[in-house]
Amino acid sequence: MNYFIYYTLGAMLYHVSKTSFMIANKWRDKEIFDELVGLFSLSQFKELKKEEKEVIYSKINELRLANLSKEEKLKWILVCKEQINCLSYDNLSLSRKKSKRNCQE
């Protein structure tokens, strides 16, 4: 199958962007793949600016190549998911400190 078609159909299936699907698809572990797709499918993630998404993609690629255990990688992804999930729909430019405060309320 043509990779362009594969990545496009995969992205449509999971309701994420093609780039997000390509990043998640690099992970061979099904549990981590599922968490990444969950992260990328958050409406708060989809609302981020392209530059902010690129930073997250870069960190996820670094994490994949890092010499860490599966549990440590999964924990990092879950923390990232929680932080992005805490972003307000109204103001996505909140500082990290304000975002944490909003989540704790």
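## Lys81 and Glu35

Lys81 is partly exposed, with a relative accessible area of 23%, and Glu35 is also partly exposed, at 21%. Partly exposed lies between buried (under 20% relative accessible area) and exposed (over 50%), with a 1.4 Å probe and protein chains only. The two side chains meet in a salt bridge, 3.4 Å from N to O. A salt bridge here is a side-chain nitrogen of Lys or Arg within 4 Å of a carboxyl oxygen of Asp or Glu. Lys81 lies in helix α6 and Glu35 in helix α3, so this pair ties together parts that are 46 residues apart in sequence.

## Basis of the model

The model is predicted: local features need pLDDT of at least 70, side-chain atom pairs count only at pLDDT 80 or more, and totals for chains, interfaces and linings use all residues. Residues are numbered from 1 along each chain as its sequence is written, and side-chain values use heavy atoms, leaving out hydrogens and water.

## Other salt bridges

The count of salt bridges is four. Lys70 and Glu31 form one of them, at 3.1 Å from N to O. Lys70 is in helix α6 (residues 70–85) and Glu31 in helix α3, so parts 39 residues apart in sequence are tied together.

Asp34 and Lys30 also form a salt bridge, with their closest N and O atoms 3.3 Å apart. Both lie in helix α3 (residues 30–40), four residues apart, about one turn of the helix. Asp34 is partly exposed at 37%, whereas Lys30 is exposed at 51%.

## Chain overview

The chain has seven helices and zero strands; these are DSSP runs (helices H or I, at least four residues; strands E, at least two), numbered from the N terminus. Of its 105 residues, 32% count as buried.
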